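Subject: Structure for your review

Dear colleague,

Please find the structure below, followed by an account of what was found in it. I would be grateful if you would read the two side by side.

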Amino acid sequence: MGVDYVLFERLVELSTRFKPAGRSLGLGRHSFRSESVYAPRHSKAMKVNGLEGKRFDYLQEDGYYETLMRKLGFGEIESMDFSDYEGASLIQDLSKPIPDEMEQQFDFIFDGGTLEHVFNIPVALENVFRMLKPGGRFVSANGMNGFNGHGLYQFGPDLVWTYWRRTVQCHVHSCRGITKAPGEEDFHLEFQDPAELGHRLRLKGRIPPSRFYLYYEVERLPGSAISDATLQSDYEVKWAGHENAGEIRLDGAKA
């Protein structure tokens with residue numbers, strides 16, 4: 001788990017349009033080492049987004065990322081992990097439901113590559129939703145392609161639209177794929193909602209074989225709530241109006 005140059009660029013850009021008012025949480029305690037080979041990209045991201053100083057200003061001696069997050073305006077970020085071996089401040093198995101006292105405690109939750117290592121993904125996603133305050137944002141980057149053998153899972157964009165837009169009725173600010181391959185650093189794809197397209201995303205030949213992140217930002221709204229059905233987008237369109245589909249609307253609620 002760590003903030004590489006790809007996620008550094010995304011966090012720098014996010015810092016220009018979102019500042020959490022309350023607590024911030026990282027899923028896992030992430031590293032940030034700012035490799036010198038990518039220094040020009042770090043400097044460019046800072047300049048484009050109006051940040052002053054140098055990349056060294058965002059580093060800390062132990063190689064973790066709390067200084068980076070604080071200086072970007074995300075506050076004193078706490079870390080949640082299964083174990084305390086990396087110094088996490090909150091110990092929690094994300095495969096199991098969080099305790100009630102953790103409900104709606106965080107204005108910002110960041111996942112820089114943790115959920116792909118958690119076996120019980122439905123419970124983990126529900127935990128993130130429950131921990132997020134209305135108006136709070138969840139930012140995630142996990143493997144979509146080229147990460148075989150790295151974690152337990154690779155994710156697809158329909159998970160974002162199916163779960164975050166319809167199951168828990170959040171607003172999706174961004175859903176994109178970003179490559180980390182040398183020479184392809186600026187390549188990314190914006191993913192539309194398959195339910196609005198009326199068919200599955202047609203990505204054959206468009207996804208590079210190199211490491212490719214699924215990156216997304218979602219916001220919990222005042223009316224966000226967990227619905228009682230999670231259906232993949234294209235099936236939801238096909239089944240809409242049929243007797244056994246429960247008249248599920250595309251916003252995730254029931255008619």
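A cavity is a set of points, on a 1 Å grid over the protein atoms alone, where a 1.4 Å probe fits but cannot get out, while a pocket is an open set with protein on both sides within 12 Å along at least five of seven lines; lining residues have an atom within 4 Å of a point. This is a predicted model, in which local features need pLDDT of at least 70 and side-chain atom pairs count only at pLDDT 80 or more, whereas totals for chains, interfaces and linings use all residues. Residues are numbered from 1 along each chain as its sequence is written, and side-chain values use heavy atoms, with hydrogens and water left out.

Cavities and pockets

The structure holds two cavities of 30 Å³ or more. The largest cavity has a volume of about 50 Å³, a volume being the space filled by probe spheres set on the grid points, which are joined across faces, edges and corners. Its lining consists of Asp111, Leu115, Ile121, Leu125, Ser140, Asn142, Phe155, Leu159, Leu214 and Tyr216. Two or more of these residues come from each of helix H4 (121–131), strand E5 (132–145) and strand E8 (212–219); helices (H or I, at least four residues) and strands (E, at least two) are DSSP runs, numbered from the N terminus. The lining divides into seven nonpolar, two polar and one charged, where Ala, Val, Leu, Ile, Met, Phe, Trp, Tyr, Cys and Pro count as nonpolar, Asp, Glu, Lys and Arg as charged, and the others, Gly among them, as polar.

The second largest pocket has a volume of about 210 Å³. Of the 16 residues that line this pocket, Gly2, Gly112, Phe147, His150 and Tyr213 are the closest to its centre. E5 gives the most to the lining, with three residues.

The axes of H1 (residues 5–15) and H2 (residues 39–48) come within 9 Å and cross at roughly 10°. Axes are lines fitted to C-alpha atoms, for helices over the stretch in contact, and angles run from 0 to 180 degrees between N-to-C directions. H1 is therefore roughly parallel to H2 (angles under 35 degrees count as roughly parallel, over 145 as roughly antiparallel, 65 to 115 as roughly perpendicular and the rest as oblique). Tyr5, Phe8, Glu9 and Val12 of H1 meet Arg41, His42, Ala45 and Met46 of H2 in this contact, which means heavy atoms within 4.5 Å.

Ten of the eleven residues of H1 are buried, so this helix is largely enclosed by the rest of the structure. Buried means under 20% relative accessible area, exposed over 50%, and partly exposed in between (1.4 Å probe, protein chains only). H4 is mostly covered, with eight of its eleven residues buried.

Individual residues

Arg55 sits in the loop between H2 and helix H3 (66–71). With a relative accessible area of 12%, Arg55 is buried. Not counting residues up to four places away in sequence, Arg55 touches Ser34, Glu35, Ser36, Ala39, His42 and Met46.

Most residues other than glycine have a negative phi. Phi of Gln104, however, is near 50°, a positive value. Gln104 is partly exposed, with a relative accessible area of 34%. Gln169, in the loop between H5 and E6, has a phi near 55°, also positive.

Yours sincerely
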